[in-house]
Structure formats: C-alpha cells, structure tokens
Amino acid sequence: MERKHIEAEFVAEAYLALLKDRGVNRLFVNAGTDFASIVEAYGHQKESGLDFPEVIVCAHENLATSMAHGTYLGNGQPQAVMLHTSVGTANAVCAIFNASRDRIPIILTAGRTPLFEHSVFGSRNGQIHWAQEMFDQASMVREHVKWDYELRDGVQVEAVVDRAIDVAMIEPRGPVYLSLPREVLARPVGELEIWSRGPAQATDAYPTPDSVTELADLLAAARFPVIVTAASGADTETVALLNELCTANSIAVLENRPRFMNVAGDHPLHLGYALNTVFEQADVLCFLDMDVPWSPGAANPKDDATVVQTGPDPIFLRFPIRSHRSDLTIQATTRNLLSALAPALEERRAKIDVDRYERIAELVNQRRARQAATLEAESTKTGPITKAFIAWAVRETRPEGAIIVNELGAPAETLASTEAGTYFDTPPAGGLGWGLPAALGLQLARPDKVVVAMVGDGSYIFANPAACHHAMAMHDLPVLTIISNNGKWGAVEASARGMYPEGYASAAGELTPLARLDPASAFEKYAEAAGGYGEFVAERAQLVPALRRALRVVQEERRHAVLNVECG
Ligand SMILES: Cc1ncc(C[n+]2csc(CCOP(=O)(O)OP(=O)(O)O)c2C)c(N)n1
C-alpha cells in the first residue's frame, strides 16, 4: 500500500475525495441545509482540483436510493447516496429495505441536524434544527442496514469511509448508513495523508469438499433432480455455469418468481415457473440461494424428497422466521458452488440414468407447447389489452440486448430472455416504487443499452413519476416506460378474493373501493411535461406500432418515452 496526500481544507472535502479514491464514482443526492459544506466542497472543486464523485441530483429520496440500487445492478460498483437528515432518511426507508433484501451495497449517508445550539461553526441557525433532531436518527434504518455510524471528526474520516465500504461490499452485500453532523463536515483538516487501497475483499464463501461430494452424489443418483432459482443471475457469471451444468448432467431447472435472468429461457430442461407442478416428481430439489424456497401453505416437497439449500447466507439470518426444511445446507456463493459441482458431476456422469434427460425434456416440451399456444392465442385475440399481450408485443419489438425492469408490468415468465443481465424484477421485500428509478439507474450504468421499465399503474405512481421524469431529462436517461394501466391495484383485489373466494367482496361482483384507482390519469403527459415523448394506447392493433415509435424516440432521439397502455 502507498501513502497519498489529499489537500483538503475541511472535512467534507476529505470525505468526498476519499469516496472517489475508493471507487465510489457517483453520489445520488437530495440535499438540504445539512449539505452546506458538501455544496461548498463542490463549489471549491475547480480551485482545489480534488476529484469527487459525480453528483446525481434526485428530486425524491426514493428515486435517489432506488436509482443507486439500479446503478449497482448495472455495474457492480458500490454506490453512495446522501439524504437530508432525519426527514430525508424517512423518505428513503422503503427503498433502503428493498436494497437490503436485494443485498445492494449502498453507502447511505445523511446529514445530521447540527449538534450544537450555538458557538461552533456550522451549529444551528434554522428553526428546523431543533424539531428535526431525533434521539436516534439511524434507528429508522438500523434493521435494514449492515452497519451504522456517525462521523465524529476529520481524524477518522479515512477509517470510517473504508469501514463503510468494506462492510457494504463483503458478501452477502448490503446497505450501510453513515450520519454526517454539519459541524464535523465543516471542521478544518489541512493536508490529509491517506492509504491508497481498495475495499477489503474477503474470498467469497466456498463449499467444503465434503458438501460438494454429497450434493454431486445426490444429483447423480436422482431420478428427477431439479435445481430451483430466483436470483442466482444477480451474478451474471452463474448463468452460463447453470445452463451448462443442467444440460451436461440432465438436471431440470425451474425459476420460482425470478428476479433476474438466471438461466436461458429456452433451455431444453427448463421446467418453467410453477414450482408446485414439480413436487410430484422431484426426488432431489436444490434451492439456489432462495429467500423463500417454496410456500408451505400451498404445497411442499414430497416427504422422501431430499431438499438442499445453498447460498452465502443459506438460512437468511435477517428473516425473523423462515422454517423450510433442509437436508443438506451449503454455505457458498452460487458461482463457487456451481464451479465446484461441475467437475464433481463430470466424474459421476456414468452413474446418471441415461433416460433422465428425455424424462425431463418430455415435460418441458409439453409445457412449451402449452405456453406457445397461449401466446399465439394472445397475439390474435380481440378485446382489451392484457398484460400477457403487452409482454407478447414487447417480445416482438425488443431490441437485442435490451434491459427490462419489471414491477408488475407483466408476468416474469412471459419476458424470459437468453442473455445474462437483461432482466430485473422487484426486490423480495416488495416495496413498490422501485422499478422506474431502478431503470434510471441501469440506464445510467449502461448508456449503450435500451432500458425498458414495465410497471403497473399503481407501481408507477408509487415511484413518484414527476421526480423520475425530471431526472430522465436532467441526466439524459432515455428510458422507455410501459405502464400496464388496469386502473386498479389488481394485487389487492386478487388477495381479497383469494382469501375470501365466497366472501362479501367477491359476491359484490365489482371491484372493491380499496383497490380502485380510477379515474385514470393521462400518465403519458408526465413524460411530455419533462420534455419526453408520450402516447396513450387502448387498442391491441396500436400497441406494436406505438412500441416501435417509442423505441425510435429513445434510440435515435435519446429522449425518454412513456406508453400508457390501457389494459384489462
Ligand atoms: C410501498 C408499498 N405499498 C403498498 C404495497 C401493497 N401492494 C402490493 S401490490 C399493490 C398493487 C400494485 O398495483 P399495480 O402496480 O397497478 O399492479 P396490479 O396489482 O394492478 O397488477 C399494492 C398496493 C406495496 N407492495 N408496497
């Protein structure tokens, strides 16, 4: 390690220079009075010559945090967000919860109400400085972050920045929270001598040789082995490994509520998306890093089936309750596990039942034929547009390599792709309003790609669309947003009908007032108001041409676009 010098005048400058030095290239901000020294540091930058993260101004904290989330999904680098004290943190809590359950390393920072009432540079000078203070500001997010701390002085700024990044980046990754008192940010530091170093990366969890042997033996001897995944593709390197492992060893693969592109949608042994349908046959079930392997109230693996659970945190320590049985539990990242499993299975290839591939492929082909028929029927139907039809139209027009971010826009299985890193679905905590800002973050990280946000009308409103379209214009992010506008919170309605199929709400024969969103807004005007392109689509025949027009706008004009699609 080398020593380096930072010529900072005050702590905020040292702090920002350190973030940048440690590989944090962007700071997503929603500023306030607590930012005075941060503002001053950027103001002084031309003269100081210090290198700081690029500032991405976000007009809402959910946008700032979820956009940072999406940027990490696009480039794998730690992101930083700065919020305004207690109130800014409060606005970001839902997005922080999403980031935590999705294991996203975000350095969340927030100003802190000035500590002192007078006499110190930076101390209180505004009415809000008394009422905004909390006894414990970090308590709002403590359950969702891996670490929280308050910067106490310039002498520890290097140690604190390093600690924040190390904790966020070590597997399983996740957000951390740092509060920054105004007086501390304003304190003079003079020249700072720092170490030049990257995050302290430990080697990822690796499976023990015994566990690899045991799992390889189980998979080789099984009559009908199934690997189940939802989010293994968060590490894009695992996609080819999983494709290859399943083909070479006649192992079925199934995606249960996928949140990433995990395995090729057209894989010859892809059993689809309905876990309950395989419990009957499966004698070995290997759940790859699944937060919820199955829903015990609906259906369970056979009693004599062997259940394997794997992952860097295979029992999901931060979940208050999670009791799915596991006969073999392996603590390892999916990439390390699959890499170790491939040669172990190759050694056992002769033991694998030669009929197994065909047995699985036959079921796959039946499923594919049913799906193709449904899709074909969907493409020729008349009547109101459905979410399945929107998915069909997107498949028809999707440019190569386009990235889809889906938040209740269409069922995941209708959007399956064959390219790693092209699909992102709602984090498991399900805090809505994530999809659109995450798409902005992905577009920021991957400017060469077409990014399409597919969202329900409810999800779109949760995202605070005025702030999102403002950011698309401000930061040149030509995202295409497709709103599946069914005029309701369909999930709320479905949940009530599911629990009370014969109940009063079902018997009423009409939509419960608790799920209604009518009258419909002209959502396309949000895009127009921010200099983008908007269209309202209500007829099936209009959808593909409208998609082509909107894609031309985002690709050629590099302007953001909204298709507000009325659907049933
Ligand atoms: C922040 C937040 N608030 C409320 C909910 C509860 N919720 C789950 S789905 C849903 C409806 C979403 O509506 P929309 O995006 O239009 O999709 P639809 O259900 O109509 O398919 C709601 C309100 C949530 N998940 N997150």
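Predicted model: local features only at pLDDT ≥ 70, side-chain atom pairs only at ≥ 80, totals over all residues.
View 1. The secondary structure comprises 20 helices and 19 strands. The radius of gyration is 25 Å, close to the 24 Å that the globule rule gives for 568 residues, so the protein is as compact as a globular protein of that length. The C-alpha trace spans about 80 × 60 × 50 Å along its principal axes.

**View 2. The largest nonpolar core.** This core holds 49 residues, of which Phe28, Met67 and Leu440 touch the most other members. At least two residues of the core come from each of several elements, including helix 4 (61-75), strand 4 (79-83), helix 5 (85-101), helix 14 (435-445) and strand 16 (451-456).

**View 3. The surroundings of Met67.** When residues up to four places away in sequence are not counted, Met67 touches Phe28, Ile56, Cys58, Asn62, Pro437, Leu440, Gly441, Leu444, His475 and Leu477. Two of these partners, Phe28 and Leu440, are named together with Met67 as the members of the largest nonpolar core that touch the most others.

View 4. For the protein as a whole, 56% of the 568 residues count as buried.

**View 5. Surface and charge.** The accessible surface of the protein comes to about 24000 Å², and 53% of this area belongs to carbon and sulfur atoms. There are 50 positive and 71 negative side chains, and the centres of these two sets lie 2 Å apart.

Note on methods
Residues numbered from 1 in each chain as written. Heavy atoms only, no water. Helix = DSSP H or I, 4+ residues; strand = E, 2+ residues; numbered from the N terminus. Rg over C-alpha atoms; globule rule 2.2 N^0.38 Å. Buried < 20%, exposed > 50% of the residue type's maximum accessible area, 1.4 Å probe, protein only. Areas by Shrake-Rupley, 256 points an atom, 1.4 Å probe, with all protein chains shown as cover. Lys, Arg positive; Asp, Glu negative; His and termini not counted. Charge placed at Lys NZ, Arg CZ, Asp CG, Glu CD. Core = buried A, V, L, I, M, F, W, Y, C linked by side-chain atoms within 4.5 Å. Contact = heavy atoms within 4.5 Å.
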